[in-house]
Amino acid sequence: MTSPAHVPVLLDRVVALVAPALERSGSVFVDATLGLGGHTEAVLDRCPQAHVVGVDRDPHALELAGARLAPFVGRTTLVHAVYDEIPDVLAELGIASVDGILFDLGVSSMQLDVRDRGFAYAEDAPLDMRMDDTEGPTAADVLNSYPAAELARILREYGEEKFARSIARAIVKARETEPFTD
């Protein structure tokens, strides 16, 4: 797997907004969607008293962020989890409150730029599309095994697709000829 480039969005603005809350000793900042660690790196540079808890569901992103944040060892705690597990993560770490939190929601460059992740739209790629590729079915598994009614429900509910039933029927028909591959 190739390493993606990472340019954090609104970096200076994000740091400017959170820095005042992190100026005291023992301050804690949670990066709820750590990704490749660009925002966290900037926060740690600008806020020398802050400790960052970085959370991400993607183990590959955590590994790359860990390398990027190595100069800040002792001031970072990186956790493989999803952001709705943050209260449990903080409880396990013995952290009762935090001074700042960032949610950079959406698909990251880690998913879009690395062809093998299966989110690529500019070229043929494996049909994976899992944010954490260690868990759950791939997109190919779903397309090859879910009944038409369930595919239609997914397309309608999550994709707001008005032609969900006809698309689901076409998927089922296509997989009878040749399964979708990952």
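In this predicted model, an open sheet is built from four strands, which follow the order 3-2-1-4 with parallel pairing. From one strand to the next, the twist averages 15°.

Strand 1 (residues 28-31) and strand 2 (residues 51-56) run parallel and are joined by four bridges. Within this pairing, Phe-29 has Val-52 of strand 2 as its bridge partner. Helix 3 (residues 59-68) packs on the sheet, where it touches strand 2 and strand 3. The direction of helix 3 makes about 165° with that of strand 3.

On the surface, a nonpolar patch is formed by Tyr-83, Val-98, Ile-101, Phe-103 and Leu-105, which together have about 450 Å² of accessible area. Val-98, one of these residues, is located in the loop between helix 4 (86-93) and strand 4. Pro-48 is likewise a loop residue, placed between helix 2 (38-46) and strand 2. The accessibility of these two loop residues is set out below.

| Residue | Relative accessible area | Class |
|---|---|---|
| Val-98 | 31% | partly exposed |
| Pro-48 | 61% | exposed |

Pro-48 counts as exposed because its relative accessibility of 61% is over the 50% cut-off.

Notes: Residues numbered from 1 in each chain as written. Predicted model: local features only at pLDDT ≥ 70, side-chain atom pairs only at ≥ 80, totals over all residues. Heavy atoms only, no water. Pairing = 2+ DSSP bridges. Axes fitted to C-alpha atoms, helices over the stretch in contact; angles between N-to-C directions. Contact = heavy atoms within 4.5 Å. Patch = residues over 30% accessible without salt bridge, like charges linked within 9 Å, V, L, I, M, F, W, Y side chains within 5 Å. Areas by Shrake-Rupley, 256 points an atom, 1.4 Å probe, with all protein chains shown as cover. Salt bridge = Lys/Arg side-chain N within 4 Å of Asp/Glu carboxyl O. Buried < 20%, exposed > 50% of the residue type's maximum accessible area, 1.4 Å probe, protein only.
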